[in-house]
Amino acid sequence: MMLFGGDYNPEQWIDDKNVLDEDIRRFHEMGINTVSVNIFSWSFLEPEEGRYDFSFLSSLLDRLYEEGISVNLATPSGARPKWLSDKYPEVLRVREDRTKMIFGERHNHCYTSPVYREKVRLIDEALSKEFGHHKAVIAWHISNEYGGECHCPLCQEAFHRWLEGRYDSISDLNRKWNNAFWSHIYDSFDSIDSPSSIGESKNPALSLEWKRFVTHQTVDFMNEEIKAVRKYSDLPVTTNMMYDYLGLDYQAFSDSLDFISWDNYPAWGTGFDGDDVLVAADNAMEHDYYRAMKDKPFILMESCPEATNWQPLSHLKRHGVMEAASLEAVAHGSDGVLFFQMRHGRGGYEKFHGALLDSSGCETRTIREARTLGNKLTALKDVIGTVNKPVAGIIRDTESRWAMEGSAGPRNKGLHYRDNLRRVYLGLRSSGLDADVIGPEHDFSAYRILVVPMLYMFRAGLAERLESFTADGGILVVTHWSGVVDEYDSIYPGKTPYGLSEVLGLRRAEIDALQDGAENVTIPVAGNGLGLRKNYTCSVLSEIPEVYSAEPILLYGNDFYKGLPVVTEHDYKKGRSYYIASMMEEDFYHDLFSSLIEKNGIEPIAKALPRGVFASERIGNGKRYIFLQNFSGNDVLLSSSLLNGKRIIGDGDILKPYDTFVFER
Amino acid sequence: MMLFGGDYNPEQWIDDKNVLDEDIRRFHEMGINTVSVNIFSWSFLEPEEGRYDFSFLSSLLDRLYEEGISVNLATPSGARPKWLSDKYPEVLRVREDRTKMIFGERHNHCYTSPVYREKVRLIDEALSKEFGHHKAVIAWHISNEYGGECHCPLCQEAFHRWLEGRYDSISDLNRKWNNAFWSHIYDSFDSIDSPSSIGESKNPALSLEWKRFVTHQTVDFMNEEIKAVRKYSDLPVTTNMMYDYLGLDYQAFSDSLDFISWDNYPAWGTGFDGDDVLVAADNAMEHDYYRAMKDKPFILMESCPEATNWQPLSHLKRHGVMEAASLEAVAHGSDGVLFFQMRHGRGGYEKFHGALLDSSGCETRTIREARTLGNKLTALKDVIGTVNKPVAGIIRDTESRWAMEGSAGPRNKGLHYRDNLRRVYLGLRSSGLDADVIGPEHDFSAYRILVVPMLYMFRAGLAERLESFTADGGILVVTHWSGVVDEYDSIYPGKTPYGLSEVLGLRRAEIDALQDGAENVTIPVAGNGLGLRKNYTCSVLSEIPEVYSAEPILLYGNDFYKGLPVVTEHDYKKGRSYYIASMMEEDFYHDLFSSLIEKNGIEPIAKALPRGVFASERIGNGKRYIFLQNFSGNDVLLSSSLLNGKRIIGDGDILKPYDTFVFER
Amino acid sequence: MMLFGGDYNPEQWIDDKNVLDEDIRRFHEMGINTVSVNIFSWSFLEPEEGRYDFSFLSSLLDRLYEEGISVNLATPSGARPKWLSDKYPEVLRVREDRTKMIFGERHNHCYTSPVYREKVRLIDEALSKEFGHHKAVIAWHISNEYGGECHCPLCQEAFHRWLEGRYDSISDLNRKWNNAFWSHIYDSFDSIDSPSSIGESKNPALSLEWKRFVTHQTVDFMNEEIKAVRKYSDLPVTTNMMYDYLGLDYQAFSDSLDFISWDNYPAWGTGFDGDDVLVAADNAMEHDYYRAMKDKPFILMESCPEATNWQPLSHLKRHGVMEAASLEAVAHGSDGVLFFQMRHGRGGYEKFHGALLDSSGCETRTIREARTLGNKLTALKDVIGTVNKPVAGIIRDTESRWAMEGSAGPRNKGLHYRDNLRRVYLGLRSSGLDADVIGPEHDFSAYRILVVPMLYMFRAGLAERLESFTADGGILVVTHWSGVVDEYDSIYPGKTPYGLSEVLGLRRAEIDALQDGAENVTIPVAGNGLGLRKNYTCSVLSEIPEVYSAEPILLYGNDFYKGLPVVTEHDYKKGRSYYIASMMEEDFYHDLFSSLIEKNGIEPIAKALPRGVFASERIGNGKRYIFLQNFSGNDVLLSSSLLNGKRIIGDGDILKPYDTFVFER
């Protein structure tokens, strides 16, 4: 079955059994089949140190099982009981400014603390022993939204040892970090302080290594939790990741998990100046990132059926938006739709966060829409286990972004990285393709087109792999500000993009930063190899390439680099490369990829889609499932070729705003 | 007499008797009769611990008495001598981030510190003994602008004991605060930390109770000061409150004080995009809040005769503005006009703050305008002791606002509470009514119309009292986002506005937050009960009510809730209720209240006033005093019906900008 | 020779001799003759406490000497080795909020610390002994960009002793600081805490004295460094100052230095809304400030040949901008053009900072433009030692600005001091004059015109000197907000501008602050003494003068002070004075000074220059060198009178954008 349900925190009504009964009645009414429990339950599970009381959880799981509702069982490490930090202050974080925190909020424990690790291990093992084979439980939900960092002495010490393992010697570190600059030579690993606003905030290599360490330490903590639950249970494990969260490199989590899950809270109707086409593309890109981690279906672990309460505006979801967002996840590889939360909190910080059920006791629009969604998810059960298999890949690397956005220059007012990435992605999608959003270590062999947008850092080996991809017949698209530095954020000597000047037939010479709102214009070269004929605008950053053997496609139309190439094409061995030296307007990427598709005989999932109508394809069990979704805001009449196949969801030939059609072919 | 004068700090020229002589000469010239002294004099009164030197103050009071000038005598607790914190660091505050402050500024002592309380008690008693019967002194000015909070261990301990007195047990507290959320169960009262940005900042009940505690502790401190001065003196006591200050709930101060006083610093000409009609309405609303605390005349304790120095712009008051602002206070119940300050400081932070006298020694525009004002205040002496007696009340509750603005959602970019309140108020005033701005515990029986705008929190008993008011024939007007939570900020289960769905004939279903600048439009229902025919805009927040027996008056014109009611009317027993589900444009409130006045046979103070011309009425001693003021910026020809009565101030039938007419009837 | 080169930090490639060889090859190609080294080398010079290793520096200097390249040899105190703060934490700063810093960044040591002073002395002496007579070395570059402040106990103690030396007694201090205000009487010098956001931030006299102390202590530190290097060397000393840096009063540094140098990083193309005329004027004004410190040539110690990396945008320098900026420095008195930096960093915070050489190994636009510049600097060798001798002076005083901008009121949204100063300056320059930008203690006797723009503080004696200047026949121009306070930021009693009401024939009565974007308009008085006929706008601050004997030139056209004078003229003894009561638009200042030139028979350097074309004149050795530069963005055809003299640089009669012509006359 497609999982359908969400986070459920019934400890809030522990004294009132009527609420549970009422909730379960509503669950059945909506077709709910899965809930995630125990996320914030530690105070109830272990009211005093070492005294476990699992009675409430036990009866809850029994009841859910009776009612046919499955459970993702969480480890409770996301929020500590107060007694824990009262007795063991070491579990509290120290901020980067070296302020020791006091008790409060959640997700704020030291990941290094031996005490915290031990307390978590004990309760995780106890839960595993007690519930690791409970019939209601289908998966382990490890902790909740891991994040943040700690600068306590324990973490400093762990950082030192971690660094020591990565370098030949302290001299090796000094050299790789270029510590000669500003005379910042370290004598020993022990003398290195983590980055701080009251100390070192301007050593990019230190900042970068610290972020890597934070990821390492968090994964290590997670692995201890996984080990604890696996002591008595072999249920699959996951942890819920967060949208575009830059505190961790999630790629490093993937190997430890049985399946990927993530939490999605898009700002429908208000984000991106209210352009829901961009919201939809942005979400889809994130889904594709999580799917591509394992090239397998993932789970949408949290989403909001109504408005959130923590965004600037609690803008209501218009009719159909909840369904469209839910089915978009499925279209991109999710085998379920889970919400935060099943019922509004009674009080507390998230009491106004949207939920399937509110406290009014009345029938609501949300309940009605959830019922409909439940029926559609049931209709999609054969899609389970299938997966998208795109011919295009886009490289997105968290470490590179850390380094790029942590560097001073060339545009401290904003590099517009994600905007650029989204435009590239939208260009592929609006040309009728699915796309994988992959880390640079992902296998490239399945792709016809590989895009490298603003990949500032090339770690060792990447340039060679990009060269091979092209040499072997691939279409390589590289944009500005790529291949600038190595993994320690040191500039590559010689021509850049590093290792690709032969492949691209040019080198980067200068990079210009434009004011907010300023634009240049591009002029097509007559008879260019892509058949582009329009003028496009470009903005934000404009590189001036020194071109050797590349063919200009578009030229700058203004400024002192007027007439110099901004987009080029270059044949390289069996393949071909493209360089895009500036951030182009959205239309360009559509025209670029449409041209590449045609020129290279690639078959898109769907052709001639209006802006905001997206096609996705999940493949498996000998079937192809085509999803068509309309985020354009307008009714769209679909041509018969698009309506081909066995209809699973939808009817007629008009795809209305926020509607979804699914076909089996 | 109407008090006329202000704050006077002659310690700055203690070595130069000429300044005092010159000041007194000018006081007489302007008609000054009252000054507030001693506010920042502690260093002079007690230059060393325990050694009092009242000689300067004594000779000052003697001289003022000789000159016929009365004195509000301040207790000096607003600013400590440096020796006090040097010797007793406990008197220094600890900030919410647990930083211990060092010496500096003012109004920054721990209200809990036993040492500070003792030192204040001793000097207050000594002052009371020495000057409590001095002929110049007419009132005690207790401290100065109480405010701020302290998070030191002494305050933490006091907070624990205060909480302990309010709950049956720690379990009772955990339940009422919904601490099950995020697993934040407290073991004991002693384990509760005050809210902090380095600890708990997201427990709304904790934040709310902390604010209540701060008010409690400050009132307790004030009560000790009052007790000290009353040891030897029975002069009336007051303390000066501040405009829309949200650090304290001033309602809790009222019982301890003999009369209310407050400090008003409106931004004439620059506030509210330079619309002085809104500035005037905003001030008036604040005057009405302080008057309604005791339903008695209050004192405008501070105001500025020129420009302030601490606002973003020191925008000069245009001709007539100082007088208009001063007489507006009188129109709304003040029995005096006092300024900060009598003379510019020589140096220091407020040296450029406007004053009646500057250091030039020259005749100034301020002196000329003050002379005229002095004469008008003399003419108004019979008004003293009379008071406004409005037929309309508006509920404004600081605790509710704390909770509402402290909650996440539905609009973290701003709920526009005060803007909404001001529009309601302006609607009443522009319809020719005075209004009381009251706490929810105020008696409702005097009102024909009771408005409940955005009253998010209904404390126990309020819903029942609102029901009774309506049942007994009152006109109840409730707006969106009312009756949502109880006094611990927990959502009321069942239909909301809590306890009023029968009275209103509807319940709140959803609430939508609009982007800044976005608007919906409302469409009148044909033949609606209020005779409204215009389209209005609405913005910020739009509730979608589920209507049972209420009659729609206006409907939403756009968005997915187009056609659903935004304003409704409902007959309930002997009365009638109105629900306003969104923030409407200003005109709507005028039309609403004008219609209610006409429909219910209410007699306004004045009819058909142009925007920005306001009528107020003070009643007493068998007389009615009508004040007409013109903040519209234009000459206004008044009809003869408005010119009715014995003229006290003004002449002719044209009310010029910033002019005031007063009639006795 | 004109110095040509810049900062060079080859420790970054200490292991790779090829880089040095390659760099020197390029240096010769571009005509480089000077580099500054050793600025951030301490970790290499003293890898362990007390163990000096000068081998790299020694071989570097030898090599540079062999290659004919001179050296500014820096003392390395700008960045400490890590071992120093690890062993002696007292060298680390304490912030104003009393947070003790940890190791990181640079320019962050306590200037008071005896340990730091001793360690610096030892290494400076060792460097002086070793290299003080090295043939490559031409000057000592003392430390680097001194700045910042420290609030540690050692600094508090030094502050107390410094204060004690400035006042008769603590009572004297209390009186001068007006500490009676808010009862802030100090008992002793030892009880005074430096200003702090957790303590006293609102005592303007304290803040002002603290800033003076910081300057004093920094100069004292610098003097110890100078003493150390002079122990074995008599080479000239300088330190590099920063653009409009307000942390120090640089005037206090001048006496200790043999020549002045400074670092200039203008935002060409993006600053001042992209108006390069304003950028050029702003730079020029700063050059004139540094030149006037000693009335001698200075050195442009740092500038950027490409884009910086730390500004909001790394906007590329358009063709010709680097040359124009470099020659502008020379035109205003610099005897050299030095850059930061010679080669891009390999990594670290400034790796993307522009440099003459990048890491590509390729020929670049920068290299090509530097070659051309090198040739022009060679052509200008006779200009060395000559200096500008303006007939106009503008007073700019850092202490006054500290006090003015540290005060609350009259416009906390911004006084627009520097904008006002630049408009005055641009008025003089566009009228064809050079100008000195001088401290108030500078001799006035060389000037025909002396401008006093927004000189809020008049220290003792200044009013008398301004009076004498005018009485003796000078033209004195005073603007609003001048002569308000004494050196302790206490308001002068009586008429203001202090001491000038006879000279100006008026006094300041009121000052109005206008909203951002708001304007008044001025109307010329018919037949006014300056022959002004246009209407100008004015903004920001508008004073209302009370005029006695001055003649109105322009009147306010709007607001309640319509018809009152905004610009006046007054004959005073042999001279004449002008008062400008508001911030006028740019054109006014041009018209004002053009009229003054004509009326008083002053000969400008050039006449009738279009906006953005500037003329400067260096005089000496019996020669006059006229520089004409074009920042207007347009080709300008020069009249033959402007082309007079022997052509040193440039040809033809069209001055193209960013071009420079130099003539010897």
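Predicted model: local features only at pLDDT ≥ 70, side-chain atom pairs only at ≥ 80, totals over all residues.
Colleague: Which residues touch the most other members of the largest nonpolar core?

Modeller: B:Phe27, B:Val35, B:Val37, B:Leu466, B:Phe588 and B:Phe593 do. That core has 189 residues. A second, separate core has 188 residues, including A:Tyr146 and A:Leu433.

Colleague: Take B:Val35. What is it in contact with, leaving aside neighbours within four places in sequence?

Modeller: Among them are B:Gly6, B:Tyr8, B:Phe27 and B:Leu64. B:Met342 is on the list too.

Colleague: New topic. Where is A:Ser326 found?

Modeller: In helix α10 of chain A, residues 321-331.

Colleague: Buried or exposed? Why do you say so for A:Ser326?

Modeller: A:Ser326 counts as buried because its relative accessible area is 2%, and the cut-off for buried is under 20%. Beyond its neighbours within four places in sequence, A:Ser326 is in contact with A:Val337, A:Phe339 and A:Leu373.

Colleague: Now the interface of chain C and chain B. How many residues are in contact?

Modeller: 52 residues of chain C are in contact with 49 of chain B. The area buried between the two chains is about 4300 Å². Carbon and sulfur atoms give 55% of that area.

Colleague: Which three residues of chain C supply more than any other three?

Modeller: C:Trp182, C:Ile198 and C:Ile491. They supply 17% of the area that chain C buries against chain B.

Colleague: How many salt bridges are there across that interface?

Modeller: The rule finds 5. B:Arg318 and C:Asp512 form a salt bridge through their side chains, at 2.6 Å from N to O. There are also 29 residue pairs in polar contact across the interface of chain C and chain B.

Colleague: Which element gives the most to chain C's side?

Modeller: β14(C), with 5 residues. The side of chain C that touches chain B has 22 nonpolar, 14 polar and 16 charged residues.

Colleague: And how many salt bridges over all chains?

Modeller: 204. One of the pairs is B:Asp489 with A:Lys351, where the closest N and O atoms are 2.6 Å apart. B:Asp489 lies in a loop of chain B and A:Lys351 in a loop of chain A, so the pair joins two chains. Both residues are buried.

Colleague: What about B:Glu209 and B:Arg212? Where do they lie?

Modeller: In helix α8 of chain B, residues 204-230. They are 3 residues apart, about one turn of the helix. B:Glu209 and B:Arg212 are both buried.

Definitions and conventions:
Residues numbered from 1 in each chain as written. Chains lettered and ligands numbered in written order. Heavy atoms only, no water. Core = buried A, V, L, I, M, F, W, Y, C linked by side-chain atoms within 4.5 Å. Buried < 20%, exposed > 50% of the residue type's maximum accessible area, 1.4 Å probe, protein only. Contact = heavy atoms within 4.5 Å. Helix = DSSP H or I, 4+ residues; strand = E, 2+ residues; numbered from the N terminus. Buried area = accessible area lost by both parts, 1.4 Å probe. Salt bridge = Lys/Arg side-chain N within 4 Å of Asp/Glu carboxyl O. Polar contact = N/O pair within 3.5 Å; in protein donor to acceptor, adjacent residues only side chain to side chain. Nonpolar A, V, L, I, M, F, W, Y, C, P; charged D, E, K, R; others polar.
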